[in-house]
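Colleague: Before we discuss this chain, could you put the model up, so that we can go through its fold and its backbone with care?

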Amino acid sequence: MTGDLVRDDVLAPKSAMALELRQGQILRVTSLEGSQVVDMAVWNLHNLREKLSTSYSRTRYFPLPGRSFRPRMTVQQGDWVMSGLCRPLMTVLTETADPPGTHGVHHRMCNAFFYASHGAGVRDGCFEQLAEVVRAYGVPPEDIPDSFDIFQNYPYDVQAQGFLVKEPVTKPGDYIEFRAEMDLLVALSNCPDDVVAAANAFRCTSTGVQVRSDPDWVRRPVLGPREWLLEQLRTRGIAAHAEA
Ligand SMILES: [Zn+2]
């Protein structure tokens, strides 16, 4: 990662933080000891009602020519992180873990109900941690979107007819980088689950959070969802009007 370091933080185990990203800045999330999940929520900084949609992030992409539509199980390097208006909040630039795309993008974050219902007592989960750090931005808990659970190993198992919570594949130092496509509010929760499931291999550890600016980035106007779509079609040589 090149460019000027804007911030360099260590997110302690079982804690959360909120940060602002400017368009073009690059967020790197590093699993310092490996096997740690980080739940991420994202908002348009200038309109907090526009926020992350994991469903659109998984299922809205331009297929290769001749390929039919197939909703995907994950989001990985090269993909957009979309908002509920179906335009990019971020682009996944790089990820080092193998296999790529090992993230949870199918469920909401852990919360007090989750722990209590599994006999672990009433305790804070990622939801409560995130709610606390975005309160200063005037975001109420009910406006927190379903999260992008970075590094969560959460495959769907056809035989079991459900998702499996497996230990992450990340090794110490593995990271993922996102580029902000507009100014953003980002909240990150170092998942506190060390009792119910193997999400963090039953050991909660620290996460590195770095932001860099790209010296070559030229600030772009943020297009409305329809304008953005039309620009994408133009760039890709796809007709805006289907032939009858
Ligand atoms: Zn969690």
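What follows is a set of questions and answers about this predicted model.

Colleague: How many helices and strands does the secondary structure of the chain come to?
Modeller: In this predicted model, the assignment is taken over the chain as a whole, whose C-alpha atoms fill a box of roughly 60 × 45 × 35 Å along the principal axes. The secondary structure comes to 4 helices and 13 strands.

Colleague: What is the radius of gyration of the chain, and how does it stand against the globule rule?
Modeller: For 244 residues the globule rule gives 18 Å, and the chain comes close to that value, so it is as compact as a globular protein of that length. The radius of gyration of the chain is 18 Å.

Colleague: Among contacts between residues at least 6 apart in sequence, what percentage join residues at least 24 apart?
Modeller: Buried residues make up 35% of the 244 residues in the chain. Of the contacts between residues at least 6 apart in sequence, the share that joins residues at least 24 apart is 75%.

Colleague: Which residues have the most contacts inside the largest nonpolar core?
Modeller: In soluble globular proteins, nonpolar side chains tend to be buried together. Here the largest nonpolar core has 46 residues. Val 81 touches, among others beyond four places away in sequence, Val 42, Leu 52, Phe 148 and Phe 178. The residues with the most contacts inside the core are Val 42, Val 81, Leu 130 and Leu 188.

Colleague: What covers the buried residues of α3?
Modeller: Helix α3 spans residues 126–134, and its buried residues are Cys 126, Phe 127, Gln 129, Leu 130, Ala 131 and Val 134. What covers these buried residues includes β2 (16–21), β4 (38–44) and β12 (184–190).

Colleague: Which residues does a cis peptide bond join?
Modeller: Most residues other than glycine have a negative phi, and most peptide bonds are trans. In the loop between β7 (88–95) and α2 (112–117) lies Pro 99. With omega at about 0°, the cis peptide bond joins Asp 98 and Pro 99.

Colleague: Why does Phe 202 count as partly exposed?
Modeller: Phe 202 also has a positive phi, of about 60°, although it is not a glycine, and is found in the loop between β12 and β13 (207–213). A residue is partly exposed when its count falls between the limits of 12 or fewer for exposed and 20 or more for buried. The count of C-beta neighbours inside 10 Å for Phe 202 is 13.

Key. Residues are numbered from 1 along each chain as its sequence is written. This is a predicted model: local features need pLDDT of at least 70, side-chain atom pairs count only at pLDDT 80 or more; totals for chains, interfaces and linings use all residues. A nonpolar core is a set of buried Ala, Val, Leu, Ile, Met, Phe, Trp, Tyr and Cys residues joined through C-beta atoms within 7 Å. Two residues are in contact if their C-beta atoms, placed from the backbone, lie within 7 Å. Helices (H or I, at least four residues) and strands (E, at least two) are DSSP runs, numbered from the N terminus. The radius of gyration is taken over C-alpha atoms; the globule rule is 2.2 Å times the number of residues to the power 0.38.
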